[in-house]
Amino acid sequence: MKRTFLAAFLAMAAASALIMPSDAAAQRSAWSGSGNFSVVSDYRFRGVSQTYNLPAVQGGFDLGHTAGFYFGTWASSVGTNVRDRRIPAGSPAGTQPSTTTAGTFQGGASLELDFYGGYRFEVTRNIELDVGVIYYYYPGAKDAISLRRFDTTEFYVGAAFGNLTAKANYAISDFFSLVDSSGAYYVDLGYVYPLGKTTNVVAHVGYQSVKNFSRLNNTDWKLGATTEALGVTWGLAYIGSTAKDDAYTVLNASDGVAKVVAKDTVILSVGKTF
């Protein structure tokens, strides 16, 4: 009796072993991942340079489920390796520049890490909605004057209508260290016009409103093109902004030369998705 039971049990286990791999494969197929890596001549965030108008290295990874859920992370170098003096955005009139150390555009950090997750679903055949949360994290970063952290959390809602996209971000924390700025928002429109199988014209316009800091409100725009060549994606874009120069001016400590980090510029990028 025991021998018969054992034989039956082993037979069932063997059958299960044959079935399990296909089930596991089916389960794995519901998830898909992708990565990206790029080098840009300047890292612009809503029209404002995060790298003192100098290059940045960037990369990220995304994981998505067929049900529509997704999670991801993205990172970029920020700041530079020069000693500088600056007047932080939002400072009262008459504020004197503070002296900071290497790589401190973000008050001591040379790295930005973004973590996000959300749910993307189709409303109709040509309309897709996207809701989620993004957290901007600057390891160890604090403003040189206020000592407040730059870390920021935003809730977002987006929609895609074919090649046209629309998105709204709403800060549910203080906005990049600014006191009582929770409620700042950013809205943008984007459009991609294909010129061929591997070449696209890209256009974007966005508006940033910062609660209790109206002088920081600004509109930014981009017009450019991307193309595939040599196994990578090349991009060239003109980026502009109405951000006020006095809110984003850097003074080099060694020679006192001012650098405006919100002026119009042309940006070159090269990247790879895998």
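Predicted model: local features only at pLDDT ≥ 70, side-chain atom pairs only at ≥ 80, totals over all residues.
In total, 11 aromatic pairs were identified in the structure. One of them joins Tyr-43 and Trp-74, whose ring centres are 5.6 Å apart. The planes of these two rings meet at 65°, and since planes over 60 degrees apart count as edge-to-face, the pair is therefore assigned to that class. Tyr-43 is located in the loop between β1 (31–40) and β2 (44–45), whereas Trp-74 belongs to strand β5 (residues 69–77). The contact therefore ties together parts of the structure that are 31 residues apart in sequence. Both partners, Tyr-43 and Trp-74, are buried.

A further edge-to-face pair is formed by Tyr-138 and Phe-150, with 6.3 Å from centre to centre and 70° between the planes. Tyr-138 and Phe-150 both lie in the loop between β9 (127–137) and β10 (152–161). Their positions are 12 residues apart in sequence, so this pair ties together two parts of that loop. Tyr-138 is buried, as is Phe-150. These two residues also belong to one aromatic cluster, which is formed by Phe-45, Tyr-136, Tyr-138, Phe-150, Phe-175 and Phe-176.

Arg-120 is placed over the face of Tyr-70, at a distance of 4.3 Å from the ring centre. In the case of Tyr-156, the charged end of Lys-167 is found over the ring, 4.3 Å from its centre.

Notes:
Residues numbered from 1 in each chain as written. Heavy atoms only, no water. Phe/Tyr/Trp six-rings, centres within 6.5 Å; stacked < 30°, edge-to-face > 60°. Helix = DSSP H or I, 4+ residues; strand = E, 2+ residues; numbered from the N terminus. Buried < 20%, exposed > 50% of the residue type's maximum accessible area, 1.4 Å probe, protein only. Lys NZ or Arg CZ within 6 Å of the ring centre and 35° of its normal.
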